[in-house]
Amino acid sequence: MKEAELPSKDLQPEQLKIWLAAVVRKDPLAFRALYDATGPKLFGFALRILVKREWAEEVLQESFINIWNNADSYQASLAAPMTWITTIVRNKAFDFLRRTDNAVEIDADTFDKEVMDAMESTAATPLEALQLSGDAKALAACLARLEAMHRQAIALAFYHDLSHSEVAAQMQLPIGTVKSWIRRGLASLKNCLGKLGSA
């Protein structure tokens, strides 16, 4: 099999689940197969967030150490394997940014669901799947401008697909407050995106 065919074949969820189950048993061959199949996409994803190649490489390494040590925490009922792996990389990338730049205010949940969908896509090549549109970049920039609590409420509702009542429970806030924050936050996003679009 040609290397170029790897992403479309080996990023199938069932194959990833098999490798993750083997990694739980500390199978180095399965771990290597998982790394080879997902590494290019994950590196590209980390690079999008961090910009510097050496930072992306460091985050990717940290992420795979985390995967090796915590593969047993993966629950197929809660997330697709690529979603789980990508979330680890994303969180590590944002942790890295916070360690290296105190001015970074982007919340770990600000990336649009389209980014996660692109990571799970088996149709496109890694570079195509990771090519963030200008719209996604604009959305990330506008989300970063929201108040942290409003941003968190929107992230829980849209990124984690929680209902308003579930968001309220998660944030330990009245549901009316959560609804108001999400409504105001979405209005601010619409306004911000409109300004960026006309700039």
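Tutor: His164, with a relative accessibility of 31%, counts as partly exposed. Buried means under 20% relative accessible area, exposed means over 50%, and partly exposed is in between (1.4 Å probe, protein chains only). The model is predicted, so that local features need pLDDT of at least 70 and side-chain atom pairs count only at pLDDT 80 or more, while totals for chains, interfaces and linings use all residues. Residues are numbered from 1 along each chain as its sequence is written, and side-chain values use heavy atoms, with hydrogens and water left out.

Student: In which helix does His164 lie, and which residues does His164 touch?

Tutor: Helices (H or I, at least four residues) and strands (E, at least two) are DSSP runs, numbered from the N terminus. His164 belongs to helix H10, which covers residues 164–171. Contact means heavy atoms within 4.5 Å. Not counting residues up to four places away in sequence, His164 touches Ile175, Val178, Lys179 and Ile182. With Val178, 14 residues away along the chain, the C-alpha separation is 6.7 Å.

Student: How many helices and strands does the chain have?

Tutor: The secondary structure comes to 11 helices and zero strands. Of the 199 residues in the chain, 41% count as buried. Among contacts with a separation of 6 or more, 63% join residues 24 or more positions apart.

Student: Is Leu20 buried or exposed, and what does Leu20 touch?

Tutor: Leu20, in helix H2 (residues 13–24), has 2% relative accessibility and counts as buried. Leaving aside residues up to four places away in sequence, Leu20 touches Leu34, Ile67, Ala71, Tyr74, Pro81 and Trp84. Leu20 and Asn70 stand 50 residues apart in sequence, with their C-alpha atoms 9.8 Å apart in space.

Student: How is the packing of two helices described?

Tutor: Two packed helices are described by the angle between their axes and the distance between the axes. Axes are lines fitted to C-alpha atoms, for helices over the stretch in contact, and angles run from 0 to 180 degrees between N-to-C directions. In this model, the axes of H2 and H3 come within 8 Å and cross at roughly 140°. That makes H2 oblique to H3; angles under 35 degrees count as roughly parallel, over 145 as roughly antiparallel, 65 to 115 as roughly perpendicular and the rest as oblique.

Student: What is the handedness of the crossing of H2 and H3, and which residues meet there?

Tutor: A crossing is left-handed if the near helix is turned anticlockwise from the far one by less than a right angle, and right-handed if clockwise. H2 passes H3 in a left-handed crossing. Leu16, Trp19, Leu20, Ala22 and Val23 of H2 meet Ala30, Phe31, Ala33, Leu34, Ala37 and Thr38 of H3. By class, this contact of H2 with H3 has 10 nonpolar, one polar and no charged residues. Here Ala, Val, Leu, Ile, Met, Phe, Trp, Tyr, Cys and Pro count as nonpolar, Asp, Glu, Lys and Arg as charged, and the others, Gly among them, as polar.

Student: At what angle do H3 and H4 pack?

Tutor: H3 and H4 pack at about 140°, and their axes are 9 Å apart. That makes H3 oblique to H4. The crossing of H3 and H4 is right-handed. The contact includes Phe31, Tyr35 and Thr38 of H3 and Trp55, Phe64 and Trp68 of H4. Its residues divide into 16 nonpolar, two polar and two charged. Thr38, in helix H3, is buried at a relative accessible area of 0%.

Student: How many aromatic pairs are found in the whole structure?

Tutor: Rings of Phe, Tyr and Trp (its six-membered ring) pair if their centres lie within 6.5 Å; planes under 30 degrees apart count as stacked, over 60 as edge-to-face and the rest as tilted. A search of the whole structure finds five aromatic pairs. One of them joins Phe31 and Trp68 edge-to-face, at 5.0 Å centre to centre and 70° between the planes. Phe31 lies in helix H3 (residues 28–50) and Trp68 in helix H4 (residues 53–70), so the pair ties together parts that are 37 residues apart in sequence. Trp68 is partly exposed, at a relative accessible area of 25%.

Student: What is the geometry of the pair of Trp55 and Phe96?

Tutor: Trp55 and Phe96 form a tilted pair, 5.3 Å centre to centre with 55° between the planes. Trp55 lies in helix H4 and Phe96 in helix H5 (residues 81–100), so this pair ties together parts 41 residues apart in sequence. Phe96 is buried, with a relative accessible area of 5%, whereas Trp55 counts as partly exposed at 23%.
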